Every structure is written in structure tokens, then in C-alpha cells.
Amino acid sequence: MAPETPSADLSNPEPPGWPGLKVRFLEALRRWVRPLPLWTLPAGAGLACALGLVLGYLLNIDLPNVRRLQDYQPPVITRLYSNTGVLIHQFAEERRILVSLSDIPDSFRNAIVATEDADFYRHFGVSIKGIARAAYHNLLAGGVVQGGSTLTQQLAKLLFLKPERTLRRKLQEAFLAMQIEKTYTKNEILEFYCNQIYMGHGRYGIEAASQYYFSKPAKHLTLAEATTLAGVPQRPEYFSPLRNPEVARRKRDHVLQRMVVAKYLTREQAAAAMAEPLLTFKPAPRDELAPYFVEAVRRKLEANYGQRMLYRGGLEVFTTVDIDLQRAANEALIRGLHAIDRRQGFREVERNLLREHEDLDPTQQEELLASHRLPDWRRPLARGTRVHGLVLDVTDERAQVKVGEWMGTLLPAGIKWTQQGSLTEVLERGDITLFSINKLDSEAKSLDLVLDQEPKVEGALVAIDPGSGEIKAMIGGYDFNRSEFNRATQALRQTGSAFKPIVYLSALVQGLTPADMVLDAPTVFTAPRSEEHYQPENYTRRYYGLTTLREALENSRNIVSVRLLNQIGYRPTLVLAHRMGITSPLHPFPSTALGSSEVSLLELTSAYSIFPNQGIRVDPHLIKYVAGRDGTVREKSEPKAEEVVSADLAYLMTYLLEGVITDGTGRRAKVIQYPMAGKTGTTDDFSDAWFVGFTPSLVCGVWVGFDQKQSLGPKETGSRAALPIWVDFFKKILAGKPREHFMKPRNVAFVPIDRETGLRASVESGCKDVILEAFARGSEPTTFCSAGEHFRQTLPYFLQEADLTEEGALQFTPQQLLKLLVENPARISLSRNHRSLLLHAADEVRELPLVVLYDEARSGLQSPPQTFIPSPERPVGVDGHIAVAVEVRSN
């Protein structure tokens with residue numbers, strides 16, 4: 001292996017012809033000096049001193065003080081770490097990691113000296129021998145092939161001077177080098193140099209280069225690796241072992257030979273290093289674990305410290321992100337969005353390589369298919385990985401797909417989800433599209449593929465530790481490279497029923513209990529400010545009559561929620577919402593109960609965090625602490641904690657929301673079999689799907705939708721679109737974890753309650769669906785359930801508020817009865833004897849006993865109230881106005 005710069009005699013560091021040149025130069029100097037008169041010597045010396053002083057002054061006019069090097073802080077990488085101290089990202093103008101001389105291996109130091117400045121330990125900053133040697137070689141070559149600058153001169157140029165090619169700049173460089181040598185030791189100068197030099201690919205200094213090229217600290221470099229890096233600084237991009245490995249290998253061998261000449265190595269040591277293959281660790285394409293989280297941190301750091309400090313200051317930022325949770329969140333969201341996208345249907349492949357090069361002949365097309373490479377082919381492959389492939393051939397029954405060095409096969413089963421008949425209806429030769437790997441054979445380099453496509457739908461996920469407020473995972477969209485807009489923090493969307501727990505908590509604060517009843521019936525509301533009418537409907541388009549708060553929340557009954565908000569008042573509910581963490585504007589409209597106001601996913605998830613945290617809200621945050629390059633802590637997170645509601649009420653809401661998962665719209669989460677609670681949310685036309693839920697130690701919110709408001713598709717509710725992502729996430733992170741339980745405060749009592757009536761259950765009442773309901777002590781119901789109350793639940797919603805006699809007959813005043821008959825002419829009528837009410841439903845008529853109370857005092861009679869049985873001889877009279885609208889309370 002010939003060195004790049006061969007030398008005739010490796011034992012002699014001086015170039016060929018050097019001794020003869022010195023002799024001729026000294027003889028010429030003696031001939032020139034001998035004839036001069038003696039007086040010219042002191043005169044010449046004085047003139048030289050004067051010129052030297054003037055030249056020194058002129059050169060020193062704009063030169064910095066080299067003592068500043070002692071305090072010089074080169075631009076250093078700002079590094080972000082996970083909650084366990086694992087590096088997750090770096091910010092830098094120059095990717096540099098400072099290390100002390102003790103962490104720089106001797107092999108690298110000696111290689112640098114042998115290659116760049118063999119006289120480093122002997123000169124005073126400027127090497128006369130080096131300048132002469134460089135001049136000689138340049139003269140022989142007829143151009144600049146060798147520099148005469150010492151390491152110290154190079155350091156002076158890197159730190160203090162502009163990259164100009166002028167005599168003045170060269171003289172200043174020499175002057176500064178001598179000043180540096182006077183001020184600092186050789187080891188200090190070498191340490192400065194090794195941390196400052198550019199090593200290619202945006203890396204500065206030996207440590208950053210070692211980690212980039214060899215994925216190890218510099219102190220662990222082998223001799224072969226150290227000499228490879230020592231050869232890089234002369235022409236970093238050309239001698240890069242990643243870009244030009246063969247050139248880098250020859251340069252490494254040359255460095256090893258120079259070390260032999262300089263007597264840093266024996267020939268045997270050099271030969272052994274030369275025999276080693278050049279093995280680098282090619283960095284994978286940038287594939288950030290948490291790009292949306294990192295960008296949120298970057299914005300905060302830039303706001304607090306400024307751009308210069310962020311990119312040059314070497315901050316050490318310890319964040320709250322949990323790598324395992326973030327990775328599980330990434331996988332769950334990607335998987336969920338692909339599932340939704342498939343339900344929305346197959347879209348034609350947009351890119352075809354051959355159509356992009358239609359002018360090529362068949363031979364050139366084959367060459368193009370064989371040589372084409374795609375960016376994500378550099379990533380490692382595994383089962384479940386999604387990767388772009390290039391279709392080489394396709395028939396009705398089989399397609400051959402190129403994925404880097406791998407060959408993939410696509411069969412009809414791999415396109416079943418597209419509902420297309422054959423592969424040729426979906427793909428054609430030259431198509432570039434997305435595939436997922438079903439199976440892979442590493443030895444044969446073969447893949448079993450399933451056709452995939454990049455979702456148009458977007459999604460977001462955020463997970464928070466309720467006790468500390470630390471954000472453990474955050475995803476703001478399907479792909480950060482596609483869109484940097486963070487839908488977890490920046491997007492404001494209607495929440496649908498996911499807002500309802502705030503309304504129900506407000507009801508509990510005002511003294512209601514989970515067993516209290518609200519009538520689910522058609523109701524028109526009038527907003528207090530706009531005077532606009534609003535009539536909510538249930539998702540099922542049915543009305544359920546008297547409904548407990550538990551039943552209404554579990555099954556997401558819209559009408560009950562709006563009536564409840566109207567009953568408890570807007571102001572206290574909106575104030576509570578803001579205290580829970582909702583910072584976006586909320587409006588006092590009836591539809592607010594159904595999530596019509598727009599908030600961010602982070603806001604709503606943070607609001608839910610008070611439920612498992614005993615009513616205490618802790619501000620969500622991304623950063624634990626920030627340290628400077630010297631290790632001094634510059635900022636430490638001290639989030640604000642506030643008690644929003646009592647621990648009793650927080651537990652009651654948690655217990656209610658557990659029912660959403662065990663018996664309500666969140667049933668899909670039951671498969672996890674772990675203590676958890678949460679609420680689904682769906683907006684009009686299925687344009688937004690939500691699920692926010694929690695375990696005792698983690699709160700997680702998921703949103704799915706399009707950036708521009710449009711439907712996700714029929715029945716794409718929060719339960720179908722968002723909840724499976726949430727379930728997938730928690731399945732992964734809870735696997736193998738010990739079971740937790742929600743903490744029950746002492747002031748909470750459990751009472752057996754009839755689920756339908758909300759009354760206290762007993763053996764005598766014959767209740768069939770009994771649950772243990774939670775109450776704050778002192779608020780438990782005292783009324784026991786009865787057969788009459790069970791009978792009431794069998795009535796249609798418009799009869800359920802009627803009084804019942806002990807015999808179970810419906811009991812009305814004449815006004816009430818007339819109002820019912822007028823409002824429901826197709827559903828009820830009086831019997832012929834007017835002693836019962838006929839209920840018309842489908843193909844049957846149900847007869848209900850009827851009693852009407854008539855108050856004769858209102859007719860001027862003095863007799864006491866008596867039972868009035870309607871009859872043709874005695875018609876019902878009414879003197880009241882029938883109101884079918886409900887006016888919204890403004891409190």
C-alpha cells in the first residue's frame with residue numbers, strides 16, 4: 001500500500017535535497033555579507049529594529065489579546081435528554097462536544113502532530129524549517145502542495161482571523177501564534193486545537209467526530225480509528241470515511257507511516273493497524289423519536305435564553321419525556337391512523353418512476369429501476385415496518401417490489417383491504433408507494449409485503465403524569481416532516497362529549513350526586529345573550545326519560561348534559577373549567593355542554609389530570625431542569641400546583657368515568673383489565689374524534705381528525721377512531737406492570753343503588769340491576785326504591801315525571817293532562833270512559849290507569865280538592881299557558 005505522499009527515506013523527516021539547499025544558501029549569504037563596511041552592521045540592525053517596531057505596531061492594530069483564549073467558549077451543542085438521561089436531540093450551529101486532553105487518546109494526538117506539525121514540541125509558534133520545507137516542495141511542484149503553518153498558527157487562524165489569503169493576514173497569524181506559545185503550554189494548545197478543528201459532516205472537534213463516525217467516545221478509539229480521524233482535517237469532506245472510504249483508508253495508512261517516521265509507532269504497530277478494515281457506523285437518516293416534543297422544547301428554550309444561547313451555548317436540558325412511553329405512543333398513533341385511513345378507502349398511487357422518465361428506451365428504463373434508491377431504504381427493516389418500495393413487475397396474482405437490497409413479494413391477500421379484484425388494478429410497473437412488512441427472511445433478503453398508503457388523516461396524543469405535571473409523551477401529527485404543526489398544543493378543536501366531565505364535576509361541586517335524575521326529553525333552549533334557539537339531540541335520536549347522572553355520562557346522553565348545565569349555571573361551570581386548565585375562551589352557550597368551544601388536546605388532557613390526582617392540578621411542563629456548559633443549574637422546573645376540587649369529588653368523578661369504560665361508550669378499553677377511566681368525544685358530522693382517559697398514574701388524550709374540518713366517515717366516533725389508539729398505547733406500557741388502584745378518600749361511602757331509578761336498593765324493592773354507587777358522606781339517598789318507581793321507568797319519557805298513586809295510577813292536574821294530550825296527539829289518548837290513558841306504540845296499545853286531581857277552589861267552589869275523573873259530562877278546563885321551551889339560566 002503506497003502512502004499518499006511517498007517519502008524516499010521514512011527514517012529521515014527532511015525532504016530530499018534539503019542539506020544541499022542549506023549549504024548553497026549559507027555560501028550565498030557569506031558572499032553577500034563579506035564586502036560590506038563594518039558600519040553598515042549597526043546601521044542595518046537599527047533600521048531592522050525600527051522597521052520591526054513599525055511592522056509590529058501595524059500588525060497588532062486589530063489583533064485580539066490571546067489571553068482571551070483562556071476564557072474562550074467555542075460554540076457547543078445544546079443537548080436534550082430524556083427523563084432518564086438518554087440523549088434524544090441536539091441543537092447546534094457547530095456540532096461540537098468539548099473534552100479535556102485526558103479524554104483525547106494519545107494515538108490521535110500523536111497522529112495529528114506527526115501529520116500536521118512534526119516540530120510542534122520544538123518550535124515557538126512558527127517553524128522556519130517548516131516554512132522552508134513547504135516553499136521547497138511548492139517550488140518543485142509549481143503550485144501550493146504543502147503548507148508551512150504550525151498547529152499553533154492554524155489555531156490562531158481558526159479562532160481569531162478571517163479566512164483571507166493576504167501577506168498581512170499571514171504575518172498576523174505568525175504573530176498571534178508566537179503570542180499563544182508564550183501564554184499557553186503545548187498541551188493546552190493541543191487541547192484547544194483538537195476541540196476546534198472541523199471534522200466533516202457538520203462535526204467539530206475529536207469527540208463529536210468520534211461519536212458520529214464510530215459511535216463511541218474519543219477515549220475508546222482504536223489506533224486505526226484514531227489515525228483515520230487524524231487524516232480528516234486537511235480536507236474533511238474528501239477524506240470522510242463515510243463519503244470516500246477507500247480514500248480515507250489510504251489517508252489513514254499515510255498517517256500511520258508518518259507516525260513511524262516521527263517514532264510514535266513501530267513499523268509492526270503501523271502494519272497491524274493498516275491491516276484492520278475501515279469500519280464506520282453509518283448514521284441512519286434522521287428519525288427523531290419525539291420531533292414534536294423536541295420542537296416544543298426548542299420554542300421554550302429560545303423564548304427563555306435566546307437563539308444564540310440555544311445554538312451556541314452548550315445547554316444541558318433534561319426533559320420530562322419517557323422514551324418507552326414516547327415510542328409506544330408513536331407506534332399506537334401510526335397504527336391507528338393507518339387503520340382509519342384504510343376504512344376511508346384506497347387511493348391511486350401518485351408516483352411512477354417510469355412515467356417521470358417517459359423518454360427512456362426499455363434498456364435505460366431497466367437501468368433506472370436497478371439503480372434507483374429511496375431515502376428510507378437506509379433504515380433498518382423489521383416486521384411491521386412501513387417502507388417505500390419500487391414495483392419492478394406486476395401481474396394479476398403477484399408483484400415484485402424492490403426495497404433497497406431486499407426483494408419483496410406482494411400477493412392478492414396484501415391488497416384485500418383495497419377491495420380491488422387484482423394486483424394490476426392497484427399497481428403498475430414503476431410505481432413508488434408505501435408497503436408494510438408482514439414477514440422477512442434476513443438470509444434470503446426477501447420480504448412478504450402488504451400494500452399500504454400514507455394517511456391523509458391527522459392525529460395527536462399527549463400523556464401527562466398527573467402527580468408531577470410532567471409531559472411523558474407528545475405527538476403532534478402523523479409525520480413531522482410532512483407538517484411541523486403541533487396538533488397537541490397548537491390546534492384548537494371542538495371536543496364533543498369529552499367536555500362533559502367538566503359539566504358533571506360542576507354539578508357534583510354544587511351538591512348533586514351520581515344518583516340524581518335529570519329528564520331526557522326533547523327540549524329547546526334559548527341562549528341568554530344571543531336569544532338563539534338550540535335543541536340538542538342524542539346520538540341515537542331517542543329520548544330516555546328520567547336518567548341518573550351516571551347513566552347519562554356513561555352513555556353520553558346529550559340532552560341530559562345540556563339540561564344539567566342549564567340547571568347548575570354557566571358561570572360556575574366555566575370558572576371551574578378554567579381552573580382545571582382550560583385556557584382557551586369558553587362561551588356561555590347551551591352547546592358548550594357538548595364541547596362546542598374549541599380547546600387544545602393538551603388543555604383538555606391537563607384538565608382530566610385532577611381526577612386521579614385527588615383534585616389537584618399541576619401545570620404541565622416539558623423541562624425538568626436546564627444546566628449551563630459548566631454544569632451550573634440555570635433553571636429548575638417548579639410547576640404550580642392548585643387544589644381545584646376536594647379529593648372526595650375528584651374520586652366521585654373518577655368512579656363515574658370508570659363506568660364509561662366498564663358499561664358505557666368506552667367499553668373497548670375493557671380488554672386491558674386494569675383500573676382506568678375516561679370519556680369519548682365526537683363532534684358533528686364525525687369531524688373530530690376524542691378519547692381522554694387515565695390510570696392512577698398517567699393521563700392520556702388522543703385526538704383524530706383532518707386539519708381542514710371534514711368528516712372522518714360514517715360512525716367514526718371517538719369510540720371507534722380515537723379510543724383504539726389509546727387502548728393500543730396503554731396495552732403496550734402496562735404490560736408486565738404491577739396493578740394500581742385509584743385512591744379512595746375516607747369521606748367517600750358506597751351504597752347499593754338501583755341503576756335505573758337512582759334510589760337506594762333493598763331486598764324488598766326487587767331491584768334487578770344494583771350497583772355500589774359512591775357518595776360523599778352525608779349525601780347518600782335515603783329513599784328506597786319501590787315497584788312504583790320501577791313502573792315509572794317503563795313509561796315513555798313524557799310520562800315519567802307524573803305523580804303516581806299508591807295503586808300505581810298516573811296522577812295529573814287537568815292542566816298537566818291537557819298539555820300532554822296536546823303535545824303528544826299521536827302517542828296518547830283518553831280511553832272511552834276517560835278513566836285510563838291509552839299509550840300507542842308500534843302495533844300495540846297500552847292502557848294506563850289515570851287519576852286527575854281537580855281543585856274546585858280555582859273555580860270559586862269552597863269544597864276541598866277532590867279526585868276528578870274526566871267524563872263527557874264534565875270536560876277538562878284549563879286557564880294556563882303551555883310553554884314548550886326552556887329559558888336558559890344566565891347564572
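Student: Which strands does helix H21 lie across?
Tutor: Helix H21 (residues 601-608) lies across S12, S13, S24, strand S25 (688-695) and strand S26 (698-705), at about 35° to S12. Helices (H or I, at least four residues) and strands (E, at least two) are DSSP runs numbered from the N terminus, and angles, from 0 to 180 degrees, are taken between N-to-C directions of axes fitted to C-alpha atoms, for helices over the stretch in contact, where contact means heavy atoms within 4.5 Å. This is a predicted model: local features need pLDDT of at least 70, side-chain atom pairs count only at pLDDT 80 or more, and totals for chains, interfaces and linings use all residues. Residues are numbered from 1 along each chain as its sequence is written, and side-chain values use heavy atoms, without hydrogens and water.

Student: What makes S12 and S13 a pair?
Tutor: Pairing takes at least two DSSP bridges; 4 bridges join strand S12 (residues 458-464) to S13, running antiparallel. Val462 stands opposite Met474 in S13.

Student: Why is one side of S13 and of S24 left without a neighbour in the sheet?
Tutor: The open sheet has the order S13-S12-S26-S25-S24. Strand S13 (471-475) and strand S24 (677-682) stand at its edges with a single partner strand each, so one side of each has no neighbour in the sheet.
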